[in-house]
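Colleague: I am new to this entry and would be grateful for a guided reading. May I put some questions to you once it is displayed?

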Amino acid sequence: MVNGTVNPYLNVNRELVRLRLLNGSNSQNFYLRLSDGSSFQQIASDGGFLSSPLTTRALFLAPGERAEIIVDFSRIDRDRLFLMNGSLAILDFMVSGQTSNSAEIPQSLRDVQAIPIGTNPKTRLFELQSMGVNGTINGKFFDMDRIDEEVNINETEIWIIRNIGGMMQPGGHPFHVHGTQFQVLSRNGQEPPPAEKGFKDTVYVDVGEEVAIKVQFTHKGIYMYHCHILEHEEGGMMGQFRVE
Ligand SMILES: [Cu+2]
């Protein structure tokens, strides 16, 4: 379903069209592409614009992740095109009208400033483990009466999120943090891919993977972090932290 609609279609003109995509499913990952295999531009991730448009033929979105893309329908001579999830068509574009080349995508979208980090930042480890629809973070099920982490306001920290698998149906976890937009520092010790270089609040961590993020909180309060697979979140894979 797209926007609550079964078998959805969208009428588009032969021009640049900007699509705002949100994976709102409870547990399904999306591997998006266009049915003719053509490229498109990713311009934004969870927390807004990337520094520059990213030309790609495939876009991965885990539950909770967002992206904005621009599809150039002026290059399409056929009258139908599909947005695909793997081999499944999920959105039908009905393309019509005269070709219009009037719009241009700026090559510089935003100055993505690196979150400043001190010389000896506080580092926290979050180990994700799932058992069927249940899951734990650092071996603990969620407890509303427990604060799991105490965080100092305005201090940049490094959070390491590690997926150590599980006993039944181990899978990836989209780790979501409230109250901030973070930056991915590394994925499995490597520089993050270009699509993960903007501001984010949800990052996918597959089985055996380790992702480090730079995170800072500028407002006091009690916030949550949790897996964005809703069954996991409801099954205990959530924690609370207090910013003071
Ligand atoms: Cu999960």
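Colleague: Does His173 count as buried or exposed?

Modeller: This is a predicted model, in which local features need pLDDT of at least 70, side-chain atom pairs count only at pLDDT 80 or more, and totals for chains, interfaces and linings use all residues. Residues are numbered from 1 along each chain as its sequence is written, and side-chain values use heavy atoms, without hydrogens and water. Buried means under 20% relative accessible area, exposed over 50%, and partly exposed in between (1.4 Å probe, protein chains only). His173 has 0% relative accessibility and therefore counts as buried.

Colleague: Which protein donors does the copper ion have?

Modeller: Donors are N, O and S atoms within 2.8 Å of the metal (3.2 Å for Na, K and Ca); water is not among the atoms, so sites may look incomplete. Along the chain, the donors of the copper ion follow the spacing H-x53-C-x4-H. At 2.0 to 2.1 Å from the copper ion lie His173 (ND1), Cys227 (SG) and His232 (ND1).

Colleague: Which residue's side chain makes a polar contact with the side chain of Arg146?

Modeller: Arg146 is partly exposed, because its relative accessibility is 23%. A polar contact is a pair of N or O atoms within 3.5 Å; within protein, one must be able to donate a hydrogen and the other to accept it, and residues adjacent in sequence count only if both atoms are side-chain atoms. At 2.6 Å, the partner of the Arg146 side chain is the side chain of Asp148.
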